[in-house]
Amino acid sequence: MFYREAGDFKTSYVDDSQTFPIRFDRYRYYAVLMVAFAVIPFFVDSYWANAILVPFLIYAIAAIGLNILTGYCGQVSLGTGGFMAVGAYSCYKLMTAFPDVSIILHVIAAGFITAAVGVLFGLPSLRIKGFYLAVATLAAQFFLVWLFNKVPWFYNYSASGQISAPERTVFGIAVTGPNTEAWAKYLVCLLFVMVLAWVARNLTRGTIGRSWMAIRDMDIAAEIIGVNPLKAKLTAFAVSSFYIGIAGALFFAVYLGAVEVGEAFGIQKSFLILFMVIIGGLGSIFGSFAGAAFLVLLPVLLKNVLVGTLGWPTDLAAHIELMIVGALIIVFLIAEPHGLAQLWRIGKEKLRLWPFPH
Amino acid sequence: MKLKLASVALGALMAAGPALADLVFPDLSYRTGPFAAGGIPFSDGYQDYFTLMNERDGGIGGVKARVIECETAYNTEKGVECYEATKGEGALIYQPLSTGITYQLIPKVSADKIPLHTMGYGRTSAANGKVFEWVFNYPANYWDAASVAINYLLDENGGSLEGKKIALLYHNSAYGKEPIPTLEALAAKHGYTLTLLPVDSPGQEQKSQWLQIRRERPDVVLMWGWGVMNQVAVQEAANIRFPMENFIGNWWAGAEHDVSPAGAAANGYKSLNMNRIADYPVFEDIRTHVHAKGLAAGDGSNVGKVLYTRGMYAAMLAVEAAKKAQEIHGTPDITAEMMRDGMEALEMTAASMEALGAPGIGPEFGVTCAEHGGSGMGIVQQWNAAEGKWVALTDYIAPDDEVIAPLVEQDSMAYVAENNLSLRCE
């Protein structure tokens, strides 16, 4: 009933191949954008921005990035944390070296630097795959974290090895540093998320995305029909690292404001983002959002319910929270191995037929 | 999307709680994760002292203290969440017990105008009150600790460390890296060679570092460890039969739970401390007024332990500063900004510590507008495994201010340049 195609006539190929071909779906998408851009900024307070929305948006970018590599191109990567660190540190170096250039440009430049590093570490993917590639990217993770710890140039020789984001503005409004208003933080991240998700969605629908998926589904067959594996794999690494680099730069500059590499970008971050992608759904942009929401928002929600509402001791709540999240991950993966995105897809199919399922 | 909406609804519900006229002391604790062994006793001591104030004295200056506990698991992202969740409640002071979270909070508290007290941890150059208006690290900081350790060694070795080999085994994080500049400056001054041995967090894997120690045979190993790293290091030192009396931890690597797993082999291990361990009268009050009434934080088994005492000392300094603020501003209902004035006027003397039921718990010190770092003194204590307790070896040892003051100046000025600040107190 809701997802009705009847009466929704398409008169051109452009109409027919749009991202949301069903009218209801399209309006829902516009409504979400409306709320995100025109309603939330007026109501968001600093708790909502700093503890919930900004981390959700940034993790969503990282998850989209990893989804391009792992979900669309089939190359398993455990180096996400390391690549986020590249984004964060290049953003820091650029911010401090060129204080007059806009922070937005720095974040994008950080993405390009990370893309270059990603391509470098993606080279082994031309010869190895599967678990062996995972181990090679794991090496990238450890090497990059070690590098940023070891070479003082990266953290401007500060005594503690911490990097801290100085205040930078966009159109005169602070977006990094302690005086940032909640809505400014939120809007900057939202803007990046919207543009990047839109680009990702269209990349994956186009030629490049199809060549990635061909490589994912069977690399030998793809090569035989004329997909260049070198180009496909390296573009996947480049685009994925670009996204992850931007996520890392925002994570450092806008969200936390100060990081140390081992704590913020360690192996557990790589796993966290990989879990987001797996739980959300491999090969789905919506899945990246769903996975990020699940792993960022659920712990905060549980904490607020268990400690804030029920008044449990904090340690008990923290342990129970781990158990609940862990159990839910298992339940979800048993109920739907293809992730939350597949549940959403099935739900839409059902709604299309409802209330006449036969 | 559904999840998001549900959490939106719930969060809105939560945000609408009424504001009570209490003195709010958030406790960003960690009772889970690899650092919980240190986080639990500290938090227990911190909370118990505020409960004692409420139960025995009817609050601070007649106003009840309210502690809001928030679990950070020593994780900076959760630390930020905790800060944002509690700051709106009228928080007077933050003590996150984590150097990583401290670095996050320094710019935030400066913007929100809430004092941050990092007792013996955090950013060392915050001792310079001219630069860091809202950050305090009295009574001592990491660079003091490094200098106290070296001064102790100088004393042991007849005033000269010429040609000695000292290894620093440190947690590879902001926390562990803090003492390096001081130890390097002191190496240049006293002529010892310094070997740096980083241990990656959380610190369970130290075989290669101890292999290197066995090969290079340093005269002394200093340790900047925390959480599970300490226990592993003491065990590894015992395994290679490193002479324990030459193994000195800083004050975060010298609690009962750090040495007890190694049993008798840990006998003789030394560590610094900034607060003396004794059976203070105030513990008796805590037992009668807090524990006997069933109000103990945690399971109540930690009273008198090293980190419990330190947590209680941290709360004691906060309460004294709050009383000072009430006195200065003539109102019992102080705000965070008034609290800061109280902290800047804080004066701890032997008499005042005795009056609080904890004679000699810390060094005597005073805080001023320009000087947020206290005296920087520390003691050296040694573990007696047979009796299962720490024995103080020295009285309070003063750090080498000649070396530390320029380092503090240099690092805090770098912060000024990075953030375009102007100096205060001039």
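In the predicted model, the contact between the two chains draws 38 residues from chain B and 36 residues from chain A. On the side of chain B that touches chain A, at least two residues each are supplied by α1 (2-15), β2 (65-71), α3 (76-87), α4, α6 (174-177) and α15 (401-419) of chain B, and the largest share, seven residues, comes from α4(B). Sorted by class, this side of chain B has 12 nonpolar, 13 polar and 13 charged residues. For the complex, the predictor gives an ipTM of 0.88 together with a pTM of 0.91.

The confidence in chain B itself can be described residue by residue. The mean pLDDT of chain B is 90, with 95% of its residues reaching 70 or more. Over residues 1-5 of chain B, however, pLDDT stays under 50, and for this stretch the model has six contacts beyond four places in sequence; over residues 8-20 of chain B the pLDDT is likewise below 50, with eight contacts in the model beyond near neighbours in sequence. Where pLDDT is low, predicted coordinates should not be read in detail.

As to overall architecture, the secondary structure of chain B comprises 15 helices and 13 strands. Chain B is as compact as a globular protein of its length, because its radius of gyration, 21 Å, is close to the 22 Å that the globule rule gives for 426 residues. The C-alpha trace of chain B spans about 60 × 60 × 50 Å along its principal axes, and buried residues account for 58% of the 426 residues. Of the contacts in chain B between residues at least 6 apart in sequence, 70% join residues at least 24 apart.

Chain B is divided into domain 1, made up of 21-141 + 277-376 + 406-419, and domain 2, made up of 142-275 + 378-402. The centres of domain 1 and domain 2 of chain B, taken over C-alpha atoms, are separated by 26 Å, and 25 residues of domain 1 of chain B are in contact with 28 residues of domain 2 of chain B. On the side of domain 1 of chain B that touches domain 2 of chain B, α2 (36-57), α4 (99-112) and α12 (306-329) of chain B each supply at least two residues, the largest share, five residues, coming from α12(B). By class, this side of domain 1 of chain B has 14 nonpolar, nine polar and two charged residues.

Key
Residues numbered from 1 in each chain as written. Chains lettered and ligands numbered in written order. Predicted model: local features only at pLDDT ≥ 70, side-chain atom pairs only at ≥ 80, totals over all residues. Helix = DSSP H or I, 4+ residues; strand = E, 2+ residues; numbered from the N terminus. Rg over C-alpha atoms; globule rule 2.2 N^0.38 Å. Buried ≥ 20, exposed ≤ 12 C-beta atoms within 10 Å, placed from the backbone. Contact = placed C-beta atoms within 7 Å. Domains from an automatic or database assignment. Nonpolar A, V, L, I, M, F, W, Y, C, P; charged D, E, K, R; others polar. pLDDT = per-residue confidence, 0-100.
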